[in-house]
Amino acid sequence: MIKYFFQAMEGKLIGGRYRLISLLGEGGIGFVARAEQVSVGREVAIKFLSRSADDREQVVRFKREAKALAMLRHPACLTLHDFDYSAELECYYMVTELVDGAEFGAAVHAGMPLSEALLIMSHVCDALAYAHEQGILHLSLIHISEPTRR
């Protein structure tokens with residue numbers, strides 16, 4: 001479905017401002033794409049709430065996520081640039097700064113030095129502590145399970 005979305009959107013602007021470049025990832029309720037903010041020539045990330053995610057609660061959560069992200073001002077937190085609904089695509093989307101780099105888990109498994117991994121995790125912990133001070137809890141952390149013991 002996402003492949004067809006990209007084919008259909010080729011050469012078109014989203015919200016009159018963003019041109020899709022490539023797919024970065026997909027999840028349970030949407031996907032993230034690399035895009036260009038045409039007016040200023042910068043690359044951004046756009047997170048789309050899937051058209052199939054028409055559950056009212058998912059829309060409420062997506063809006064809540066955008067509002068929470070807009071409140072955060074921390075060097076290790078993404079900056080939200082835009083949030084909107086596309087009538088043409090029939091979905092909500094949020095635009096954030098684009099952070100290039102490898103997926104953390106994959107980089108660790110590929111042999112990232114422990115000192116580098118610990119430094120990255122210390123930045124993540126700082127950002128989470130800051131978010132918690134603002135009354136924001138990152139939902140992905142709620143589902144972390146205890147490691148299996150042998």
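Predicted model: local features only at pLDDT ≥ 70, side-chain atom pairs only at ≥ 80, totals over all residues.
The strands form an open sheet of 6. Their order is E1-E2-E3-E4-E6-E5, and the pairing is antiparallel. Strands E1 (13–14) and E5 (80–86) are the edge strands, each pairing on one side only. Strand E4 (residues 42–49) pairs with strand E6 (residues 91–97) over 5 bridges. Lys47 has Met94 in E6 as its bridge partner.

Two helices lie across strands of the sheet. Helix H1 (residues 2–9) lies across E1, E2, E3 and E4, at about 170° to E2. Helix H2 (residues 56–71) lies across E4, E5 and E6, at about 20° to E6.

Thr96 is found in strand E6. Its relative accessibility is 7%, so Thr96 counts as buried. Thr96 touches residues beyond four places away in sequence, among them Val44, Ala45, Leu69 and Leu80.

Side chains of opposite charge can pair when their charged atoms come close. The model has 6 salt bridges. Arg34 forms a salt bridge with Glu43, with the closest N and O atoms 2.6 Å apart. Arg34 is buried, at 16% relative accessible area, whereas Glu43 is partly exposed, at 39%. Arg34 also meets Asp100 in a salt bridge (2.6 Å, N to O). This pair links distant parts of the chain: Arg34 lies in strand E3, and Asp100, 66 residues apart from it, lies in the loop between E6 and helix H3 (104–109). Asp100 is exposed, at 55%.

Within helix H2, Arg61 and Glu57 lie 4 residues apart, about one turn of the helix. They form a salt bridge, with the closest N and O atoms 3.6 Å apart. Arg17, Asp82 and Asp84 are linked in a network of salt bridges.

Methods: Residues numbered from 1 in each chain as written. Heavy atoms only, no water. Pairing = 2+ DSSP bridges. Contact = heavy atoms within 4.5 Å. Axes fitted to C-alpha atoms, helices over the stretch in contact; angles between N-to-C directions. Buried < 20%, exposed > 50% of the residue type's maximum accessible area, 1.4 Å probe, protein only. Salt bridge = Lys/Arg side-chain N within 4 Å of Asp/Glu carboxyl O.
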